[in-house]
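Morning, everyone. Let me put the sequence and the structure up, and then we can walk through them.

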Amino acid sequence: MRESETSLNVLQVIPELETGGAERTTIDVAKAIIDDGGKAIIASQGGRLEHEATDYGAILEHLPLASKNPITIQRNIHPLTEIIKAYDIDLVHARSRAPAWSAYYAAKQCDIPYIATYHGTYAAGNPVKRAYNAIMTRGPKVIANSNFIAEHIQAEHHIPQDRIVTIPRGSDFSSLDPQHVPQDDRMALRAKWRLTNDDRTIIFLPGRLTRWKGQSVLVKAAALLRRRGYEDFVCILAGDAQGRDGYVNELHRLIDEHYLDHHVHIVGHCSDMPTAYALSTLVISASTQPEAFGRIAVEAQAMAKPVIVSDHGGSRETVIHGETGWRVAP
């Protein structure tokens, strides 16, 4: 039963619910839909964030939506139409390109609105790739999560400006409060990160272990710090490798090459980000490609931590250089 005539039943479509900004936003929007009296349905292949969605009341439907195989994309259309009918869906919201193709045609078959949030720059090296990316702009409106992305959409797809709605992604300030992080949680995470009885400066870089997130940039910066005589610090690289074993091995070789085993720790996925921020002295976003928005910088600032970010993309909109942090050349 809907609480108001304005509440909506919304189907969000995303490849996985594993980790990342788009995935986190999916959960946040699901909570908002439920709070408004609507139904929040999420179709994906699943992942570690599922329990958070279901605990709040979201309904999960599992489909192979991470696949970019055209046959699988075609086959996903029918089950999505069945989900739309079963839950009396008012709106389909796509958050990634491959599942967006299935979602668009399912919404069209059911004669309900389709929209998409453009979560990245989606590089297009040729017309075919650009046409593939354009599925994100097929609805009456397309959501950009920063002014940077709004400008990118216009440059790439040449759609009218009035069809682009810029909605910077939000952060839950109720959980991002250093006063609400228990001391026991801090001590437990210190032990997990091998920082017991350690008063060194903690430099924190969270993010998927993928080359463009810039972990290797921070490792090289740590080596430079040591050459300049600074020893009292440790860098924490937190995030999933998601199968990128080659890159992880490269990071370990770089750490060994510069004798940084005591100064750089690769700690894997971190499920308790408020505690991680609370432990940190300084938070880094060293992305070598522009962040569409850059939630790490926003969350760190909410936790009263200074940040250093690469000076491009969405980070230019969220960090005031010299006041809330520093923007440096990528």
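What lies over the face of Tyr104? Arg138 does, at 5.2 Å from the ring centre. The rule for a charge over a ring is NZ of Lys or CZ of Arg within 6 Å of the ring centre and within 35 degrees of the ring normal.

A word on ground rules. This is a predicted model, where local features need pLDDT of at least 70 and side-chain atom pairs count only at pLDDT 80 or more, while totals for chains, interfaces and linings use all residues. Residues are numbered from 1 along each chain as its sequence is written, and side-chain values use heavy atoms, with hydrogens and water left out.

Now the aromatics. A pair of rings is described by the distance of the centres and the angle of the planes. Rings of Phe, Tyr and Trp (its six-membered ring) pair if their centres lie within 6.5 Å; planes under 30 degrees apart are stacked, over 60 edge-to-face, and the rest tilted. That rule gives 6 aromatic pairs. Take Tyr104 and Tyr105: their ring centres are 5.0 Å apart and their planes stand at 80°, so this pair is edge-to-face. Next, Tyr118 and Tyr122: centres 4.7 Å apart, planes at 50°, so that pair is tilted.

Are these tyrosines buried or exposed? Tyr118 has 0% relative accessibility, so it counts as buried. The scale is simple: buried is under 20% relative accessible area, exposed is over 50%, and partly exposed is in between, with a 1.4 Å probe and protein chains only. Tyr122 is buried at 12%. Tyr104 is buried too, at 15%. Tyr105, at 31%, counts as partly exposed. Tyr104 and Tyr105 also belong to one aromatic cluster with Trp101 and Tyr114.

On to the sheets. Helices (H or I, at least four residues) and strands (E, at least two) are DSSP runs, numbered from the N terminus. Two strands pair if DSSP finds at least two bridges between them.

In what order do the 7 strands of the open sheet run? The order is β3-β2-β1-β4-β5-β6-β7, with parallel pairing. β3 (59-62) and β7 (164-166) stand at the edges with a single partner strand each, so one side of each has no neighbour in the sheet. Neighbouring strands are turned by 25° against each other on average, direction ignored. Those angles use axes fitted as lines to C-alpha atoms, for helices over the stretch in contact, and run from 0 to 180 degrees between N-to-C directions.

Look at β4. It is joined to β1 by 4 bridges, in parallel. Val10 stands opposite Leu91 there. On the β5 side, β4 pairs over 3 bridges, also parallel, and Ile115 is the bridge partner of His93. Leu91 and His93 point one way from β4, Val92 and Ala94 the other, and all are buried. As a rule, side chains in a regular strand alternate between the two faces of the sheet.

β4, helix α5 (97-110) and β5 make a right-handed β-α-β unit. Right-handed means that, with the strands pointing away from the viewer, the path from the first strand over the helix to the second runs clockwise. β5 (114-118) then joins β6 (142-144) through 3 bridges, with Ala116 partnered by Val142. Helix α4 (77-86) lies across β1, β2, β3 and β4, at about 155° to β1.

There is another open sheet to show, with 6 strands in the order β10-β9-β8-β11-β12-β13, parallel again in its pairing. Its edge strands are β10 (264-268) and β13. The twist averages 20° from one strand to the next.

β11 and β12 are joined by 3 parallel bridges, and Val283 has Val307 as its bridge partner. The chain crosses from β11 through α12 to β12, and this crossover is right-handed. Helix α12 (295-302) lies across β8, β11 and β12, at about 165° to β12. β12 and β13 share 4 bridges; Val309 stands opposite Arg327.

Last stop: Gly325, in β13 (325-328). What does Gly325 touch, beyond residues up to four places away in sequence? Val307, Val319 and Ile320, where contact means heavy atoms within 4.5 Å. Gly325 is buried, at 3% relative accessibility. Its C-alpha is separated by 8.5 Å from that of Gln301, 24 residues apart along the chain.
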